[in-house]
Amino acid sequence: MRDEFKTLRKFDAGKGREGFLYSLPALEEQGIGKISRLPVSIRIVLESVLRNCDGKKVRRKDVETLANWNAKSPANAEIPFVVARIVLQDFTGVPLIVDLAAMRSAVARLGRDSNIIEPLVPVDLVVDHSVQVDFFGSPRALELNLDMEFKRNRERYQFLKWGQQAFKTFQLIPPGIGIVHQVNLEYLAKGVLSKPESGNRKAEIFFPDTLVGTDSHTTMINGLGVVGWGVGGIEAEAGMLGQPVYFLTPEVVGVHMSGQLREGVTATDLVLHITQLLRAQKVVGKFVEFYGEGAASLPVPDRATIGNMSPEYGATMGFFPIDQESLDYLLATGRSEEQCLAFENYFRAQKIFGMPLRGEIDYSVDIDLDLAEVQPSVAGPKRPQDRINLPELGKTFRELLEKPVRDGGYGKQSVDLREKHLVKLNGSAPRNGAMASTDTKEDQGISAGEERNKLEMITNRPTPDPGKEIEAESRDIFTQGRTHIGHGSVLIAAITSCTNTSNPSVMIAAGLLAKKAVERGLRVDPAVKTSLAPGSRVVSDYLDKTGLQKYLDQLGFNLVGYGCTTCIGNSGPLHPNIEKAIHEYDLIAASVLSGNRNFEARVHQHIKANFLMSPPLVVAFALAGRVHIDLSRDPLAKDKDGKEIFLRDLWPTLNEIRDTLQSALAPETFRKLYRDFADQNPKWNEIPSSTGDIYQWDEKSDYIHEPPFFQNFSMEPGHIEEIRGARALGIFGDSVTTDHISPAGAIKETSPAGKYLISRGIQPRDFNSYGSRRGNDLVMTRGTFANVRIKNLMVPGTEGGVTNYFGPSRTGGSKNGEGEQTSIFDAAMKYAETNTPLVILAGHEYGSGSSRDWAAKGTALLGVKAVVAASFERIHRSNLVGMGVLPLQFPDGTTVQSLGLDGSETFSITGLSDAIKPGQSVTLEIESKDRQKRSVPVKLRIDTPIEIDYYRHGGILPFVLRQLLTK
């Protein structure tokens, strides 16, 4: 038994079980740091470092450095954090399983045992990103959407089923069960884990449940006192293969909560308040830890809502320490008594049980938050941190309409908000397949091939609205089919996302508000696309039990699926006539959703104003039908007698919510719904799949393809060398997100990926989305930097993946130094023919947004050797290094603009060798087309020593593979 610091101690694990733990109090007794003053989140990471200290991956010095964490100036040292498990969703998960399969193939080619490639920690993959809201407003919407999902994703699902049988430590939770973070909170998380010690089967070692996930909102689990956050697929792969996740020692911002939320204020209002507060405090890359009496008073679902939105306030985590509330939640959600006893006894033995109070812990910064000051609010229309007090929404929206685009407005002149345009909905849209593809239907108000959405799993094929049979049930809505829309009309109202649907109090509030509205005869305008997509089937259980689902149904909030839906852009199509009207009159229409992100075009590519809010407010705004309204003073609607109804008439009291909750939740419900997944999903069982340890790659498949990461693999890593004679593939401004870089949305017929698929005999209507083809590098590389909204400053005035090519043209000679306009992919391939290295130049916050491994993989496969930016987002920077691409940072005040670069220059990066050190300065040499030379110092954004190893090996995957083969 490894015990470098002699801290192994026995403890009572409950029910007569004896357990062992690596004791933090015992470490403090040895005089190694004031551990009892450390933030709880740091102590849990310290336990992992202590337990895994083997002198190699984790050194003695790592333990000592972290145990002596200095709140005011944390050591500039990397922490090797070995996590207990990994969670994946299907979009980011498929490429990981593809890479594992490719590693097995590479090992088999070397004549070695392919089973050495096996996740070394438990991996859970929840299929939640693939369901789209094609059908809504009908009792059959759930079933019809699930049908469409299985049709679209059959090949991916066959591959995942192969993975399920090929890898022992891989559990797959099929479609139709829930959203990964909510399933994690309600079922996967155990709070504390144990495993038998290798030398002694009887001795069980207990340790905290910790994880990383390939989705930025993995932080939701922080609400339960579990340490975990989102990483790129690339670090998750390393974690799966037993490598530590490395990160720089963080500052920890303490948020002291006092008071209590007022009547009428929801957990959503609180998280939007916190997002605005912490964005202003600049907490990027830091841990945030909530504590104090106010934090202790919040139930776990409220805490989880706050943890979930860490990426929106920019923190690595939004952590709540472990206390009685955490324990009560585990018991209430059906975890076993044995599990809960071990959880409580373990953390009591580590002296970490109970909510810290003011003065007990040293934080880097302390912020006060009085819960009584939180007000009802929404956030938007473009960023989650732009909070608006509810009464001010109408005024703010009016101002934004006329504000210039450069100042974040919509640049409209003298708008009359009373102006509305008639739209005939002529019944519902035709059934499956009868609606023409948007690629050919100019008259649907969509220009040919425009992306269906900026994000994954959007298909550019007939995506029908509700079918004909729905008309019969809602004849009064559909057959009248007349509506009027204008600026500020609510066209999508979605109760969606694990952020809020995991929280029974706001879901019950939405149901009670719907009940009061229906009783007064209120209706939702047919222009509003309504949907309810909870993150778990438990929600449906308690909405049915309390009798509230039927009222939501009457307002059109029928269940459409258990998955991310609208929150990630899987909102499905609007009625073609509505899309046409938006296009024709250039309307700034609105969506209201209980999600966590609202970047422009995130929710639906034709809806420019997106507001985040609590589920009951989503119902209220669906009833109001517009966002330019002051709900504290203006009536929502008129009742059946023509009387004006106000929000205050419908809003449920805290007591009503609590009384309804009492009858709603039982531990047995969780136990019943979270078992025998295969039996609960017959569609999943019908999917055939191959078997065996090594995947049989099928050259005919255009969804799953063996990636080239291990072609010509040898046991010897290369050397770090200077980059000379490079050309710019693109120059980008500030805040280019991974959604811009990574292939996402629909595949345009005229794009490199579209042309490739056509060459493979695939019709445009069957292209599906980039997200669904994430397991095929040939499609993904062609889609990198191909987003229709990306602006390459090398080609001013254009949008989309175009660039200027300055190499020798095929007709001989470059066009008088002006460059030849072509797609980014085609330019990259031409440069590859002459072995010309490529660079990307960018502004601030390059790579912000969700973690997308293909943003880094695609960059590498295009032949980009370095990205030089004014600043980087955390995950994308580490992903670039993980793919062998060099991140470099301009000195403060230096930008592409100040250097006057237009992409016609040649670039060299000097000062690179095997002797480089993290964060050192190297030189960017620039030679303009008239042979003028100058040089700029740039900072090497390889931040840790292990990253230098990754870079030298050509990325994290070859590094890990060489390590496994050397054992």
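What covers the buried residues of α8? The legends below take this up first and then move to other close-up views.

**View 1. Helix α8 and its cover.** This is a predicted model, in which local features need pLDDT of at least 70, side-chain atom pairs count only at pLDDT 80 or more, and totals for chains, interfaces and linings use all residues. Residues are numbered from 1 along each chain as its sequence is written, and side-chain values use heavy atoms, with hydrogens and water left out. Buried means under 20% relative accessible area, exposed means over 50%, and partly exposed is in between (1.4 Å probe, protein chains only). Helices (H or I, at least four residues) and strands (E, at least two) are DSSP runs, numbered from the N terminus. The buried residues of α8 are G233, I234, E235, A236, E237, A238, G239 and M240. Their cover includes β4 (85-89), α4 (90-109), β5 (123-126), α33 (853-861), α34 (874-882) and α37 (956-966), where contact means heavy atoms within 4.5 Å. Just after α8 comes G242, with a positive phi of about 85°.

View 2. Look for β13 at residues 287-291: 5 of its 5 residues are buried, so the strand is largely enclosed by the rest of the structure. In a regular strand the side chains alternate between the two faces of the sheet. Here F287, E289 and Y291 point one way, while V288 and F290 point the other way. Two strands pair if DSSP finds at least two bridges between them. Strand β12 (residues 252-258) pairs with β13 in the parallel sense over 5 bridges, and H256 stands opposite Y291. Strand β14 (residues 317-319) also runs parallel to β13, joined by 3 bridges; M317 in β14 is the bridge partner of F287.

**View 3. From β12 over a helix to β13.** Together, β12, helix α9 (residues 267-280) and β13 make a right-handed β-α-β unit. Right-handed means that, with the strands pointing away from the viewer, the path from the first strand over the helix to the second runs clockwise.

**View 4. Aromatic rings in pairs.** A pair of aromatic rings is described by the distance of the centres and the angle of the planes. Rings of Phe, Tyr and Trp (its six-membered ring) pair if their centres lie within 6.5 Å; planes under 30 degrees apart count as stacked, over 60 as edge-to-face and the rest as tilted. A search of the whole structure finds 26 aromatic pairs. In one of them, F81 and W229 are stacked, at 5.5 Å centre to centre and 25° between the planes. This pair links distant parts of the chain, with F81 in strand β3 (residues 78-81) and W229 in strand β10 (residues 227-230), 148 residues apart. F81 counts as buried at 0% relative accessibility, and W229 counts as buried at 1%. For Y950 and F959, the ring centres are 5.1 Å apart and the planes are at 70°, so this pair is edge-to-face. Y950 and F959 are both buried. Elsewhere, F11, F206, F343, Y346 and F347 form one aromatic cluster.

View 5. A charge sits over a ring if NZ of Lys or CZ of Arg is within 6 Å of the ring centre and within 35 degrees of the ring normal. K382 lies over the face of Y410, at 4.7 Å from the ring centre. R782 does this with Y756, at 4.4 Å from the ring centre. Y756 is one of the buried residues of helix α30 (residues 752-759), along with P752, A753, G754 and L757. The cover of these residues includes α31 (777-783), β28 (820-823) and α32 (824-833). After α30 comes G761, whose phi is positive, near 85°.

View 6. A disulfide is a covalent bond between the sulfur atoms of two cysteines. The rule asks for a pair of cysteine sulfur atoms within 2.5 Å, and the count comes to 0 disulfides. C498 is buried, with a relative accessible area of 4%, and C564 is buried too, with 7%. Now find H181, in helix α7 (residues 180-188). Leaving aside neighbours within four places in sequence, H181 is in contact with D215, H217, T218, M220 and C498. H181 is buried, with a relative accessible area of 4%.
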